[in-house]
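Please look over the structure shown here before reading on. The briefing that follows goes through selected residues, then the fold, the surface and the confidence of the model.

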Amino acid sequence: MGSVLIPLSVQASEDDPWERINRGIFRFNDVLDRYAFKPIARGYRFITPQLLQDGIHNVFQNVGDVGNLSNDLLQGKPHDAGVDTARLLVNTTLGLGGLVDVGTHMGLQRNDEDFGQTLGAWGVPSGPFVMLPLLGPSSVRDGAAKIPDNYTQLYPYLDDMSARNSLFAIDLLDTRAQLLSAEKLIAGDKYVFMRNAYLQMREFKVQDGKVEDDF
């Protein structure tokens, strides 16, 4: 299900009392992205065959289904939990550890859940908007939720530091490469655009797409 960006200028300003600090962090992130992450992501896209890119992305998506399943259960969504369980089973086995997204081809559509959404479903307010160093747009609620979310990933369970760091770097590279095509949508004040888009997107996800337009 898609969503349409709605002007959130008034609400966003109310939710961004730390805008001055956030803009400073945003500028730092933007410079680092412009001169490091983005060129590397473009190089990765250029030299890596599409089939391999898809396989790498699918593996990380398969690992992410563990977090989706956990949050399905925490939110009391048995149907979604069943779908994500089935996806994990077929993609890990028939999909060769997740390299091939067999589940989607079987009609098992991937859910997208995290602990921030779970807290939102439990009634925890998002709190002020926060721009995190390196990690980008967030909120007080979603930023705190990244800690338990981390334990649904592989990284905390890898003893080999070099393997852990390499895996994390590849994950970041894959994520940044996936966002390259979305940059053409950015218009006007880049900070405001990203803040508003993030706040709307998170509300959309917490409400499972049931967000009324305020006009």
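**Briefing on the predicted model**

Arg87 is found in helix H4 (residues 78-93), where helices (H or I, at least four residues) and strands (E, at least two) are DSSP runs numbered from the N terminus. This is a predicted model, in which local features need pLDDT of at least 70 and side-chain atom pairs count only at pLDDT 80 or more, while totals for chains, interfaces and linings use all residues. Residues are numbered from 1 along each chain as its sequence is written, and side-chain values use heavy atoms, with hydrogens and water left out.

- Arg87 is buried, with a relative accessible area of 1%; buried means under 20% relative accessible area, exposed over 50%, and partly exposed in between (1.4 Å probe, protein chains only).
- Leaving aside neighbours within four places in sequence, Arg87 is in contact (heavy atoms within 4.5 Å) with Asn62, Asp65, Thr92, Asp101, Gly103, Thr104, Leu108, Gln109 and Arg110.
- Trp18 lies in the loop between H1 and helix H2 (19-47), and it is partly exposed, with a relative accessible area of 40%.
- Not counting residues up to four places away in sequence, Trp18 touches Pro128, Phe129, Val130 and Val140.
- Trp18 and Asp149 are 131 residues apart along the chain, and their C-alpha atoms are separated by 25 Å.

**Residues with a positive phi**

- Most residues other than glycine have a negative phi.
- Leu134, which is not a glycine, has a positive phi of about 70 degrees; this residue is found in the loop between strand S1 (129-132) and strand S2 (136-139), and it is exposed, with a relative accessible area of 54%.
- Asp208 likewise has a positive phi, near 55 degrees; its place is in the segment after helix H9 (190-206), and at 41% relative accessibility it counts as partly exposed.

**Overall fold and dimensions**

- The secondary structure of the protein comes to 9 helices and 2 strands, and from the N terminus on the elements run α-α-α-α-α-α-β-β-α-α-α.
- The radius of gyration of the protein is 18 Å, which agrees with the value near 17 Å that a compact globule of 215 residues would have; the radius is taken over C-alpha atoms, and the globule rule is 2.2 Å times the number of residues to the power 0.38.
- Taken along the principal axes, the C-alpha atoms fill a box of roughly 50 × 40 × 35 Å.
- Among contacts between residues at least 6 apart in sequence, 67% join residues at least 24 apart.

**Burial and surface**

- Of the 215 residues in the protein, 38% are buried.
- The protein exposes about 12,900 Å², of which carbon and sulfur atoms supply 65%; accessible areas come from the Shrake-Rupley method with a 1.4 Å probe, and for residues only the protein chains shown count as cover.

**Confidence of the prediction**

- The protein averages a pLDDT of 91, and 91% of the residues score at least 70, pLDDT being the predictor's confidence in each residue, from 0 to 100.
- Among the elements, helix H1 (residues 9-14) has the lowest mean pLDDT (52), and helix H6 (residues 115-121) has the highest (98).
- Over residues 1-10 the pLDDT is below 50, and beyond near neighbours in sequence this stretch has 15 contacts in the model.
- Where pLDDT is low, the predicted coordinates should not be read in detail.
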